[in-house]
Amino acid sequence: MRVAVFVDAGYVYPQGSSSLSGKEKSKTRDKLTLDENVIAELLKQQAHVSSNGKELLRIYWYDAAPSSGPSAEQTRIGKLNDVKLRLGQLNSEGQQKGVDSLLVTDLIELVRNKAICDAVVLTGDEDIRVGVQIAQNLGVRVHLLGFVGPKGNQSISLQQEADTLEIWDKPKVASFLRDATAKPEKIQRPPKPETRSRGATAKPASVTPAKAPQVATLAAGPEISIAVQRAFDLLIANPEKFGEAMTAVAGNLRLPSQLTTSLNVQLKSRLKRNPTRPEFAGAKEALSKKLMEVR
């Protein structure tokens, strides 16, 4: 038997935005940037963990499209491997129509056809609760997934109905969703050296120069943290590699080459460039500390 994932995009954007800001008022979708590849991979990992290793059937992505057709972002999502795009419609007021019913219908149909034994549902909508009840009555375990954020971003009765509840924290949400309007962090520049007058002949006293701050490292700190968390999440999803890494940490050995390669890939993805040596060394140290905490 398999596990399927059901994603309500109408929850992902507003509640993801609130998770990032910590405020109930969320950014509109046009002011947010979604990394569809990252969230798809995280959902696959969550399905594996929630279902105790069941094989993935596919991810169902529910959204609404305007009368002009799917957006460029929706088109990209629909092209992802193991993802099926299911679209309702937007009315004249920009409200979704038919999305919840699509999700509930697909969930119940898959359960009745015995195509799945577990379902991971990313939503907060009370209207999904009846579908969850029916699926459970037919023998399927339903795992509810949500985002950390202001109180009330998920229906309490829906949380109580689910068999398990998982809440993604802010760093995980930040790994796939960004505020496109956020101003970039100011780069701290090193102080300008003092100029000496032409007529001065005396040698200045010997002073140990202060180290200039590592500008790139300071500016990229949050992105490095996200890359480390992403590499850690991928490692946990692979029990064999996770065991090798834990053995290395326990013996004060170097991290396995496959893990450092994965970390380097994540750093390049987040920084949009190759990491510097200090950045890579700091990221490896941070990853080792996370593994030590697991021990």
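A helix's expected span is 1.5 Å times one less than its number of residues. Keep that in mind for helix α4, which covers residues 99-112: it has 14 residues and reaches 20 Å from its first C-alpha to its last, close to the 20 Å expected. What you're looking at is a predicted model. The protein chain holds 11 helices and nine strands, and 39% of its 295 residues count as buried. Take the contacts between residues at least 6 apart in sequence: 71% of them join residues at least 24 apart.

- Which residues of α4 are buried? They are V99, L102, L103, V104, D106, L107, I108, L110 and V111.
- Here's a handy bit of background: an α-helix has 3.6 residues a turn, so residues three or four places apart point the same way.
- Once α4 ends, you run into K114, which has a positive phi of about 55°.

**α4 meets α5**

- Two packed helices are described by the angle between their axes and the distance between the axes.
- For α4 and α5, the axes come within 9 Å and cross at roughly 5°.
- That crossing angle makes α4 roughly parallel to α5, because angles under 35 degrees count that way.
- On the α4 side, the contact involves V104, L107, I108, V111 and R112; on the α5 side, they meet G131, V132, I134 and A135.
- Sorted by class, this contact has seven nonpolar residues, one polar and one charged.

**α9 meets α11**

- Now try another helix pair: the axes of α9 (residues 239-250) and α11 (residues 277-294) come within 10 Å and cross at roughly 95°.
- So α9 and α11 are roughly perpendicular to each other, as angles of 65 to 115 degrees count as roughly perpendicular.
- From α9, the residues F242, A245, M246 and V249 meet S288, L291, M292 and V294 from α11.
- By class, the contact of α9 with α11 has seven nonpolar residues, one polar and no charged ones.

**Helix α1, mostly tucked away**

- Helix α1 runs over residues 9-21, and its 13 residues should span 18 Å; the end C-alpha atoms are 18 Å apart, so the two values agree.
- Why is α1 described as largely enclosed by the rest of the structure? Because 10 of its 13 residues are buried.
- Those buried residues are A9, Y11, V12, Y13, Q15, G16, S17, S18, S19 and L20.

**Aromatic rings**

- A pair of aromatic rings is described by the distance of the centres and the angle of the planes.
- The structure holds seven aromatic pairs.
- One of them is F147 with F176: the ring centres are 5.9 Å apart and the planes sit at 50°, so the pair is tilted.
- F147 belongs to strand β7 (residues 141-147), while F176 is in the loop between α7 (170-174) and β9 (177-179), so this pair ties together parts that are 29 residues apart in sequence.
- Are F147 and F176 buried or exposed? Both are buried.
- F176 also pairs with W168: here the centres are 5.9 Å apart and the planes are at 65°, so the pair is edge-to-face.
- W168 counts as buried at 1% relative accessibility, and F176 is buried with a relative accessible area of 1%.
- Y11, F147, W168 and F176 form one aromatic cluster.

**Some single residues worth a look**

- D233 lies in helix α8 (residues 215-236), and D233 is buried, with a relative accessible area of 10%.
- Leaving out residues up to four places away in sequence, D233 touches L42, Q45 and K172.
- N52 has a positive phi of about 60° although N52 is not a glycine.
- Where is N52? N52 is in the loop between α2 (36-50) and β3, and N52 is exposed, with a relative accessible area of 71%.
- Back to K114: this residue isn't a glycine either, and its phi is near 55°, a positive value.
- K114 lies in the loop between α4 and β6, and K114 is exposed, with a relative accessible area of 64%.

Notes: Residues are numbered from 1 along each chain as its sequence is written. This is a predicted model: local features need pLDDT of at least 70, side-chain atom pairs count only at pLDDT 80 or more; totals for chains, interfaces and linings use all residues. Side-chain values use heavy atoms; hydrogens and water are left out. Helices (H or I, at least four residues) and strands (E, at least two) are DSSP runs, numbered from the N terminus. Buried means under 20% relative accessible area, exposed over 50%, partly exposed in between (1.4 Å probe, protein chains only). Axes are lines fitted to C-alpha atoms, for helices over the stretch in contact, and angles run from 0 to 180 degrees between N-to-C directions. Angles under 35 degrees count as roughly parallel, over 145 as roughly antiparallel, 65 to 115 as roughly perpendicular and the rest as oblique. Contact means heavy atoms within 4.5 Å. Ala, Val, Leu, Ile, Met, Phe, Trp, Tyr, Cys and Pro count as nonpolar, Asp, Glu, Lys and Arg as charged, and the others, Gly among them, as polar. Rings of Phe, Tyr and Trp (its six-membered ring) pair if their centres lie within 6.5 Å; planes under 30 degrees apart count as stacked, over 60 as edge-to-face and the rest as tilted.
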